[in-house]
Amino acid sequence: MKLATWNINSLTVRLPQVLDWLQANPVDVLALQELKMTNDKFPADAFAQAGYCAQWFGQKTYNGVALISRTPAEQVVKNIPGFDDDMSRVITATVDGVRVIGAYFPNGQAPGSDKFEYKMEWLKGLRAWVKAELVTHPNLVLMGDYNITFDDSDVWDPEGMRDQIHCTEEERYHLRALIALGLHDSYRLFEQPTKSYSWWDYRDFAFRRNRGLRIDHILVSNALKPLVTSCVIDKQPRTNERPSDHAPVVVEITL
DNA sequence: ATGCCTCAGCTCCTGAGA
């Protein structure tokens, strides 16, 4: 089973690239973030023609998440039960016996800002949700755009970005708290190239200079950890014309 | 440079992203 996550920064703009990528990379589940479209605009027919089912949770202008899957997704839950939120950031479903949570974590803007406080509250809500889901679903994958780096190895300029957004101790505390629930960063289960990132700023030729951050993650539960056989970041779509600023991350699990 | 790109929208500027 292959699962992937990709922040596509507008599905309206990127749909052809997503379909091309799925054809070249026929994963079983693809979690998308930043659809930036209302529910009525979601191109379900295009995915169906490509042989994929879809569950989506859109929003006007911002956010929006979807789960694209070969087999139908079941027990679908949108956003975090018990956490009141007017943004569409989380979609959860069971696919082929695996509980899959696709999430678009808040950006946070800057430490001390209202948006940073919202990010902290959202992270607490997400942790409670994941903790509850793990009780009934030992086979669980939490993937998406986390907007948080684990440590300096995920940052192109650790000194310059110290305590900046995506790199603060408060954000990393919450990321470690997710890990402490019994989850594992599938990317670091394997030897990886140094300076591996999943996002590069559109400005200043950041991709060409490899000035990036690793902020898109696939966390797997204790039960799945021994079954993970690979995890890679696919930089190819970032070389497309009009690319997303994020690259897909792909994990393979032998169920 | 409180900017540089990119995208959406009450679109010819602004807010947000990260």
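Reply: We can start with one bridge: Ile-91 is paired with Gly-102 in S7. Keep in mind that the model is predicted.

Me: Which strand does S7 pair with in the antiparallel sense, and over how many bridges?

Reply: The partner is S6, residues 90–95, and six bridges join S6 and S7 in antiparallel fashion. The two strands form a hairpin with two residues between them, and there Asp-96 has a positive phi near 50°.

Me: Which strand pairs with S7 in the parallel sense?

Reply: That is strand S8, residues 140–145, again with six bridges. One pair to look for is Val-100 with Val-141 in S8.

Me: How should I read the two faces of a strand?

Reply: In a regular strand, side chains alternate between the two faces of the sheet. For S7, take the faces one at a time: Val-98, Val-100, Gly-102 and Tyr-104 are on one side, and Arg-99, Ile-101 and Ala-103 are on the other.

Me: What does the burial of S4 look like?

Reply: Val-65, Leu-67 and Ser-69 are buried on one side of S4, and Ala-66 and Ile-68 are buried on the other. Five of the five residues are buried, so S4 is largely enclosed by the rest of the structure.

Me: Which strands pair with S4?

Reply: S2 runs antiparallel to S4, with five bridges between them, and Gln-33 has Val-65 as its bridge partner in S4. S3 also pairs with S4 in the antiparallel sense, over five bridges. In that pairing Cys-53 stands opposite Ser-69.

Me: Where are Glu-34 and Thr-61 found?

Reply: Glu-34 is in the loop between strand S2 (29–33) and helix H2 (44–49). Thr-61 is in the loop between strand S3 (53–57) and strand S4 (65–69).

Me: Is Glu-34 buried or exposed, and is Thr-61 buried or exposed?

Reply: Glu-34 is buried, with 23 other C-beta atoms within 10 Å. Thr-61 is exposed, with 9 other C-beta atoms within 10 Å.

Me: What does Lys-36 touch, leaving out residues up to four places away in sequence?

Reply: Lys-36 touches Ser-10, Leu-11, Thr-12, Thr-61, Tyr-62 and Gly-64. Lys-36 is in the loop between S2 and H2 and is buried, with 20 other C-beta atoms within 10 Å. Gly-64 is 28 residues from Lys-36 in sequence, with 5.8 Å between their C-alpha atoms.

Me: How do I read a helix for its buried side?

Reply: An α-helix has 3.6 residues a turn, so residues three or four places apart point the same way. In helix H4, residues 169–179, the buried residues are Glu-171, His-174, Leu-175 and Leu-178. Viewed along the axis of H4, they fall within an arc of 100°, so they line one face of the helix. Glu-169, Tyr-173 and Arg-176 are exposed on the other side.

Me: What covers the buried residues of H4?

Reply: The cover includes helix H3 (114–136), strand S9 (183–185) and strand S12 (216–221).

Me: How many residues surround DNA strand B, and which are closest?

Reply: There are 22, and the closest are Ser-10, Thr-12, Asn-107, Tyr-202 and Arg-203. By class, the surface near DNA strand B has five nonpolar, nine polar and eight charged residues.

Me: What does chain A come to as a whole?

Reply: Chain A has four helices and 14 strands. Its radius of gyration is 17 Å, close to the 18 Å that the globule rule gives for 255 residues, so chain A is as compact as a globular protein of that length. Buried residues account for 43% of the 255. Of the contacts between residues at least 6 apart in sequence, 67% join residues at least 24 apart.

Notes: Residues numbered from 1 in each chain as written. Chains lettered and ligands numbered in written order. Predicted model: local features only at pLDDT ≥ 70, side-chain atom pairs only at ≥ 80, totals over all residues. Buried ≥ 20, exposed ≤ 12 C-beta atoms within 10 Å, placed from the backbone. Arc of directions from axis to C-beta. Contact = placed C-beta atoms within 7 Å. Rg over C-alpha atoms; globule rule 2.2 N^0.38 Å. Near = placed C-beta within 6 Å. Nonpolar A, V, L, I, M, F, W, Y, C, P; charged D, E, K, R; others polar. Pairing = 2+ DSSP bridges.
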